[in-house]
Amino acid sequence: MIDKNILCDNFWGMNIVQNYRNLMDKCLPIGGIVRKFPYALVFKTTHWCMYNCAHCCENAGTFQPRKMMPAQTIKNYIVQAVVDPQFSDNVVFTGGEIMSAYHFGDTSYVPDLLNFCAQHDIGTDIKTNASWVNTSFAPRAFDDLATAIRGGQPYNLQISLSLDRYHSRSVQNCAKFIHELSKRPGTQAIVHMSTFENDKHMFYNVINALKRHGTHLTQAVVIHNGQQFKKCIAGDGLLLDLSTGTLFDGGRARNIQGAYHDETPQFSFMSHDGYVLMAFDSFGRVTLGENSGRKINTKWCDKSGTPRTLTDIKHGLIRSAQFEDMRYRILHGGKRFTR
């Protein structure tokens, strides 16, 4: 028999929590925004990188520890997210350079994560600077990527390449990556090249380099959200895409002339992209968005290294957002931040 007093206590306890939450959302509405925002999981699997780029907002490079965020920890967070109605069913793997796992001798790290996402039918984006295309482990990495692509839904995997003046041999590396992957049958994936406005001409340099390699290229019309776009396809299924981004003055990029300064970078997650990025890094932090400067963040593990639950992390991000909201008002004479 259920004790009515226990039910009553629980009811009033839940009421107090709900009333407190409602009050905080009224005073600091950004907490409610964070709580209700759809999100994608981003895992900055390492801060080690083969490059030491001048524009890097992550301060990644060869001077960082040679360690990867544990694959099992990443999979545990994905499992927790798939039952969360706010999860957008999208995961991003980045760094540093995620393919450093091969450089460290762990050849199972990348395919294990990609196959796990494919099994859960999750849209996946793996970001790489392709600096490894001429290494001894490159053939194994290409085979693993091709296997992961064939193991999931067509075009459910996107591979994002860095294409800009800051990465040495950027055009050659991107072209070789596309050429090598396109030779493997059944690779129906999106290859997305990210660049800056002043470097977008480099995309055509990649196309010309592919033609010199003898890569089979065709033009196709892709329909997205009712609109038609002309795209280039390499091989029998690699859909090539390009986007331009903004160079922010975070990390080492603050030393670059022309790097954009965001007045309120801590709130840049409040975009209109449909969902916010919840970014985990290998140092134990979780940040909202890919912003520069002061960030809304919390820890994904405690002092002993034990991972916190995703629910606890979300509560920590809400508190951090509320703190930043109060800080913004103090610095701006009580004015609230608005989107």
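**Entry 1: the cysteines**

I started at Cys49, which is buried, with a relative accessible area of 8%. I keep in mind that this is a predicted model. How far is the sulfur of Cys49 from the closest cysteine sulfur? It is 6.2 Å from the one in Cys53. A disulfide needs the two sulfur atoms within 2.5 Å, so the gap is too far for a bond. By the distance rule I count 0 disulfides.

**Entry 2: His55**

Next I went to His55, in the loop between β1 and α3. Is His55 buried or exposed? I noted a relative accessible area of 11%, so His55 is buried. I set aside its neighbours within four places in sequence and listed what His55 touches. The contacts are Asp164, Tyr166, His167, Phe196, Leu247, Ala253 and Ile256.

**Entry 3: helix α3**

I moved on to helix α3, residues 71–81. Which of its residues are buried? I wrote down Ala71, Thr73, Ile74, Lys75, Tyr77, Ile78 and Ala81. A reminder to myself: an α-helix has 3.6 residues a turn, so residues three or four places apart point the same way. I then asked what covers the buried residues of α3. The cover includes the strands β1 (39–44), β2 (87–94) and β9 (276–281). It also includes the helices α5 (109–119) and α9 (310–331).

**Entry 4: α7 against α8**

I looked at how helix α7 (residues 170–182) packs with helix α8 (residues 202–213). The angle is about 50°, and the axes are 9 Å apart. That makes α7 oblique to α8. I noted the crossing of the two as right-handed. Which residues make the contact? From α7 I have Ser170, Val171, Cys174, Ala175, Lys176, Ile178 and His179. From α8 I have Met202, Asn205, Val206, Ala209, Leu210 and His213. I sorted this contact by class: 8 nonpolar, 4 polar and 1 charged residues.

**Entry 5: Gly214**

Last, I checked Gly214, in the loop between α8 and β6 (217–224). Gly214 is exposed, with a relative accessible area of 57%. How far apart are the C-alpha atoms of Gly214 and His179? I noted 8.4 Å, although the two residues are 35 residues apart along the chain.

Terms used:
Residues are numbered from 1 along each chain as its sequence is written. This is a predicted model: local features need pLDDT of at least 70, side-chain atom pairs count only at pLDDT 80 or more; totals for chains, interfaces and linings use all residues. Side-chain values use heavy atoms; hydrogens and water are left out. Buried means under 20% relative accessible area, exposed over 50%, partly exposed in between (1.4 Å probe, protein chains only). Axes are lines fitted to C-alpha atoms, for helices over the stretch in contact, and angles run from 0 to 180 degrees between N-to-C directions. Helices (H or I, at least four residues) and strands (E, at least two) are DSSP runs, numbered from the N terminus. Angles under 35 degrees count as roughly parallel, over 145 as roughly antiparallel, 65 to 115 as roughly perpendicular and the rest as oblique. A crossing is left-handed if the near helix is turned anticlockwise from the far one by less than a right angle, and right-handed if clockwise. Contact means heavy atoms within 4.5 Å. Ala, Val, Leu, Ile, Met, Phe, Trp, Tyr, Cys and Pro count as nonpolar, Asp, Glu, Lys and Arg as charged, and the others, Gly among them, as polar.
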